[in-house]
Amino acid sequence: MKPEEKGAKVTRWHSITTRQALVTFVIALLLSAGTGVFQLVSDARMVRAETREDMERLLNLVEGSAAEAAFQLNPDLANQVVEGLYNYRSVRYVSLRDDFGRVLMEKGDASSEQAGVLLQALFGDVTHYQKSLDYSVSRTPEPLPVGQLRLVLSAASIGESYVQRGRRLFLLGIVEALSIAVLVVLVFHFLITRPLLSIYRAIAAVSLKQPGRWPRPNTPHSRRDELGRLVRELDNLMQAFQKGLDQRDALHQISTIDGLTGIPNRRFFDDFLEKCWYQAADLSQPLSLIFIDIDYFKPFNDNYGHAVGDDCLRSVARALSGALTRPTDIVARYGGEEFVCVLPGTDLDGARAVAQRIRHDVNALAIPHSHSEAAPYVTVSMGVAGAVPGDNEVDMIRLLEIADHRLYLAKDQGRNRCVWHD
């Protein structure tokens, strides 16, 4: 049986390979996204720490020059200090004041910055720095406070640098995760998926009539693992199925064939008649029956012996089978010396013609029967009935009753004859 006859055809988008690849890529993307978010958070903390460290180092670096400019009220030196700091990255405002709070030099904008909420939340608390300036004079043992240096950074500038670096890290993480996913898919496909697909195709090609002849898949790289064991167990299962089917067929043959005559028995007749009845009803075709009884068989059996009686039954059965010329017609042993013919697609006139041929062929056997009141040889009586299932009030049981009734009419009318009407 072809795979598409067993179920819906597997499309490429529903195949296990496609789903495995999609699931692997989705997991890789989710993991990379999660890792990227974690890296972004960690990187934000690192940027904050680096910014504080850089600003403290920078302020310590210019502290001496700024203190001297404030002490001497030197505008040129103050301008150099402020310009140097303002040109540093991310700085948007610098001011140098004396110890009375007067501005010696300033540059930039100290007003509130219109940065995004996220950037303010991440870097808003690392943008403002203030350094008290002290200057040592030889006349005083302790350094004197001479001014203040204030520095304000741009959260947007810090955030831009952070976003650019984070974007590179995030994209690099995604590329790395996808590369690993591709490698995993390829390895998984060659080691697991491809052998599984070969097993699936082999199972899909199994014939329900001959499962033992299934195309056992060859999995050279999985002979010692679970897939190899699966193939071996499937083969054992298929062989067991085949053995069971063979035994079933043998038992069916025994249970449906009459052991004496070699023709179908009553059980086979019952199943065959029911099948033919519903098939004829679907196709609106006629169906006919012929009930057959060997005349005076009991005296024949009592006087000639059971062995001769069995030979007589076999000879009559062969004659009945030979009289049926169509492969769809059957003759079955109904019980004892009774036989029945099922004629699908045959009307009453056709069945009567078959019955006349049966009567002629049985008479032609010329089996001596000196204890028969119908003839000096073995003869048969027959009752014929026909109907079109579904077209009238005759059902299958009624058809059997009519054929049986006409058989008894044939016996009442002297035997060795066929009756096809009441």
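Predicted model: local features only at pLDDT ≥ 70, side-chain atom pairs only at ≥ 80, totals over all residues.
Local features need pLDDT of at least 70 and side-chain atom pairs count only at pLDDT 80 or more, whereas totals for chains, interfaces and linings use all residues. Residues are numbered from 1 along each chain as its sequence is written, and side-chain values use heavy atoms, without hydrogens and water.

A nonpolar patch on the surface includes Ile180, Phe188, Leu191 and Leu230, and its members together have about 980 Å² of accessible area. Accessible areas come from the Shrake-Rupley method with a 1.4 Å probe, and for residues only the protein chains shown count as cover. Helix H5 (residues 155-204) supplies the largest share, 11 residues. Helices (H or I, at least four residues) and strands (E, at least two) are DSSP runs, numbered from the N terminus.

Zero disulfides (pairs of cysteine sulfur atoms within 2.5 Å) were found in the whole structure. The closest cysteine sulfur to that of Cys312 belongs to Cys341, 16 Å away, which is too far for a bond. Cys418 is likewise in no disulfide, the nearest cysteine sulfur, that of Cys341, being 11 Å away.

In helix H10 (residues 348-365), the 18 residues should span 26 Å at 1.5 Å a residue, and the end C-alpha atoms are 26 Å apart, in agreement. The expected span is 1.5 Å times one less than the number of residues. H10 is followed by Ala366, whose phi is positive, near 55°.

Technical notes. Patch = residues over 30% accessible without salt bridge, like charges linked within 9 Å, V, L, I, M, F, W, Y side chains within 5 Å. Salt bridge = Lys/Arg side-chain N within 4 Å of Asp/Glu carboxyl O.
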